[in-house]
Amino acid sequence: MPTSGDLLRLADAVLLPGFEGTTPPDWLRRRLGDGLAGVVLFSRNITGPAQVADLTAELRAENPGALIGTDEETGEVTRLEVATGSSRPGGHALGVVDDVALTEALARDLGDELAAAGITIDFAPSADVNSNPDNPVIGLRAFGADPALVARHTRAFVRGLQSAGVAACAKHFPGHGDTSVDSHHGVPVVSTGGIEDALHPFREAIREGVRAIMTGHLLVPAYDAGLPATLSPKVLTGLLREELGFDGVIVTDGIEMAAVSGRHGIGGASARAIAAGADAVCVGGERAGETTAAEVRDAIAAAVTQGLLPEERLADAARRVRELAAWTTSSGGSGGPGGVAARDGRLGLAAARRAIRVTRRSTAAVLPFAGPAQVIELAPEMNLAIDRRTPWGVGEPLRRLLPGTRVARLTAGQATGAEIERLIGEAAGRPLAIAVRDAHRHRWQTEALRHLLSARPDAVVVEMGLPERSDLGAVHIATYGSAPVCGLAAAEVITGSL
């Protein structure tokens, strides 16, 4: 039976696809004009604030009620500042400082910038309780491992962002923190014993009035042993809607991720997510373009005609999306869509400085460095949520403060014994700083550190991930983040300027 145009338009009203390029392609203009819910912007769509403002103005010209979303968590996951790295530290650094007024102010500052650029929904904050230090995908994105701390900072971030007229979207429901699998590649399982701790920040976000919640592609045996949360009526409708009382928009995480699309395909997963209780489908991080967007729309419409998805459920999802779009329109931030916000970075740098923790393990006068240094950065492969082009490290800011400083960066394959010995030789007569990211999760970093410190016990170790150990190096500096402001704060400690 052919699918009616009205049903296709109804299916489009719950879709948030991605696209290629920094200007809207013709297919996207047409679909927006015909009722497409909105779009998701990725770093490939962004070159700078003025360009984003122009882009969103063009999108809104086709559909004034379009939702325009992005993943701007600050810290490691940034889209607006992917070229330079975030001017604000991420969630974990804010949790270490544990000043909810600071978190709210930083989120308000971010919200003003997003609103000025025409972005109406931010897929942030991460409300995950990162209770598993081996978590490969959350880590620094979470405010911490304590449910109460995560809850109060989640509320503060939601307050700040939404006070600027940008909808917050707490993620990844019902909590991606206590997992050891990346849902981009497989299906993480949430332990039954930790589910109440994981839910606590989401309960508090709902009390704060969060406008949207993003699903995690997680198996939650305490509620559904067979279906991941994104596809589970027991989790989305039974738990989130009925038990927790959430009445806002439920947004899926990227539907092309293997945890849900691997079995059903992106179209089948999308239809099942809407049937389970989701209201908007995000797609386009890994598969973007007209073909993918049409595939998802057609699959949702076909599910209605085949009786797999009640049309009433689809219409209810579209209604919720429209209501969210109306809220963003009526609650426009102080900058106003289409403007350009000035970014001075002072608030972010102040937060990064407050998050620094220094452990001095030597009585020798290791700090401050008195002259040009050697910096060795050990760079692990990052998960897909973090754009690989995002700058990080302590080397560049230290080189600005100490001209003549040399910087070497090694990946897992480059950190051979011979290369490390060569760098040790080059560092002779210079102070040495070694930057790592989540060294405890990467054996090659641990081995490289052991090699370097055996030759240079006077070295300073800068951990820019989760610091599971602080007994490495003559001085250990934990930044709780790898954003450039975190690197600058560490460089200021190393040079004695902080």
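## The largest pocket

The lining of the largest pocket splits into 13 nonpolar, eight polar and eleven charged residues (Asp, Glu, Lys and Arg count as charged; Ala, Val, Leu, Ile, Met, Phe, Trp, Tyr, Cys and Pro as nonpolar; the others, Gly among them, as polar). This is a predicted model, with local features needing pLDDT of at least 70 and side-chain atom pairs pLDDT 80 or more, while totals for chains, interfaces and linings use all residues. Residues are numbered from 1 along each chain as its sequence is written, and side-chain values use heavy atoms, without hydrogens and water.

The pocket holds about 580 Å³ of space. Of its 32 lining residues, Phe42, Arg79, Gly285, Leu384 and Ala385 sit closest to the centre. Here a pocket is an open set of points on a 1 Å grid over the protein atoms alone, where a 1.4 Å probe fits, with protein on both sides within 12 Å along at least five of seven lines; lining residues have an atom within 4 Å of a point. Strands β5 and β8 (281–283) each supply at least two lining residues.

## The sheet

Six strands make an open, parallel sheet, ordered β2-β3-β4-β5-β6-β7. β2 (38–41) and β7 (249–251) are at the edges with a single partner strand each, so one side of each has no neighbour in the sheet. Strands are DSSP runs of E, at least two residues, and helices runs of H or I, at least four; pairing takes at least two DSSP bridges.

β5 (residues 167–173) and β6 (residues 212–215) pair over three bridges, and phenylalanine 173 has threonine 215 as its bridge partner in β6.

Conventions. Points joined across faces, edges and corners; volume = space filled by probe spheres on them.
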